[in-house]
Amino acid sequence: MDTIFTEKHHLRNSKTELYGGQLVEPFERPSRAEYIIGRVREVALGPVSAPNDFGIAPIAAVHDADYLTFLQAAWTDWRAEGFKGEAMTTVWPARRMSSRIPTHIEGRLGYYSLSCETAISEGTWEAAYASAQVALTGAERIRQGAGSAFALCRPPGHHAAIDMYGGYCFLNNAAIAAQYLLENGAARVAILDVDFHHGNGTQDIFDRRDDVLFLSLHGDPMDAFPHFLGHADEIGSGAGAGFTVNYPMPPGTGFETWRAALSDALSRMATFAPDVLIISLGVDTFETDPISFFKLTSDDFTTYGADIAALGLPTLFVMEGGYDIAEIGVNTVNVLQGFESGCNKPSCLT
Ligand SMILES: [Zn+2]
């Protein structure tokens, strides 16, 4: 399997995250990607190549123009106010307040964010842009006939909504890849989000669409970030009704329960018959992940990679979360190797 990767992910190197009332080193840090690419090379998964530049247009096909303008200038605007630290949100348009977009950067941070743990730092836009290009390059490989590809995106993307960042995400890489494929020959795309956290951004982007089936297996939002989306009764709106499927699961969920949800998701995908499957691949379902509460083991990742392969669909893996950095490389590559071992249909063999 080909891996798409760029060292530009290092440009996203925030020093502060608000966690448990303390400013800590962010859980989403550059070493995550280094562990993963190290493991890809260690097991000789396949060629590793740099992304092409598809420009801003495929990003603007998913995110609002005013949001992108804000994101590109946020760090500069923040520093221009004389603030000494990284750009963190301190105020939101809460219930019954105005949703007018403020002029001051402090207000705009609140308008365009969904949470405050994620600080905008120097280079954030450049890294997020490069990460989206990694996903687009993977999508283009699939469009050209590859049976699978691994877009090693960092920063991740699935919490980024049409006009909001948060949860370490700025641009929704999986959604950008899906939209690109739909505009370039695919009639239907399925996105399966196996990250521990609900893919609220992806759900937001495709809420009213019937050409994208979005399925997410995640910690119950009653107990887990992002807390305000991801319930089982959210099924999509308008023409998209029935094209969003959520599988919230409680603290302590092990592989048997998780795999039963996956099995249901896979059967729904088989019925939907997409041209391409995109996996939002987060491995923070691991039993010792520091910020999650599922109990998957390293072997379980191999097993479910093979389960996904049984669909026999062209599949693009897009990296999302996973924070137990000593194991993140092994668990990620286990999914990819499990997929390759389980793939015996013609479309998988390229
Ligand atoms: Zn996650």
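The model on screen is predicted.

**Stop one: the pocket.** Select Leu 114, Ser 115, Phe 225, Pro 226 and His 227; of the 26 residues that line the largest pocket, these lie nearest its centre. Two elements each give two or more residues to this lining: strand E2 (17-19) and helix H7 (200-206). The volume of the largest pocket is about 710 Å³.

**Stop two: the cavity.** The count of cavities of 30 Å³ or more comes to one, and the largest cavity holds about 40 Å³ of space. To find the largest cavity, select Arg 12, Ser 14, Thr 16, Glu 17, Pro 26, Glu 28, Glu 117, Thr 118, Ala 119 and Tyr 168, which line it. By class, this lining has four charged, three polar and three nonpolar residues.

**Stop three: a helix pair.** Show helix H8 (residues 255-272) together with helix H9 (residues 298-309); their axes are 11 Å apart and the packing angle is about 15 degrees. Angles under 35 degrees count as roughly parallel, so H8 and H9 are roughly parallel to each other. The crossing of H8 past H9 is right-handed.

Now display the side chains at the contact. From H8, pick Phe 255, Trp 258, Arg 259, Leu 262 and Leu 266; they meet Asp 300, Thr 303, Tyr 304, Asp 307 and Ile 308 in H9. The residues of this contact divide into six nonpolar, three charged and one polar.

Notes:
Residues numbered from 1 in each chain as written. Predicted model: local features only at pLDDT ≥ 70, side-chain atom pairs only at ≥ 80, totals over all residues. Heavy atoms only, no water. 1 Å grid on protein atoms, 1.4 Å probe; cavity = no way out; pocket = protein on both sides within 12 Å on 5 of 7 lines; lining within 4 Å. Points joined across faces, edges and corners; volume = space filled by probe spheres on them. Helix = DSSP H or I, 4+ residues; strand = E, 2+ residues; numbered from the N terminus. Nonpolar A, V, L, I, M, F, W, Y, C, P; charged D, E, K, R; others polar. Axes fitted to C-alpha atoms, helices over the stretch in contact; angles between N-to-C directions. Parallel < 35°, antiparallel > 145°, perpendicular 65-115°, else oblique. Left-handed = near helix turned anticlockwise from the far one by under 90°. Contact = heavy atoms within 4.5 Å.
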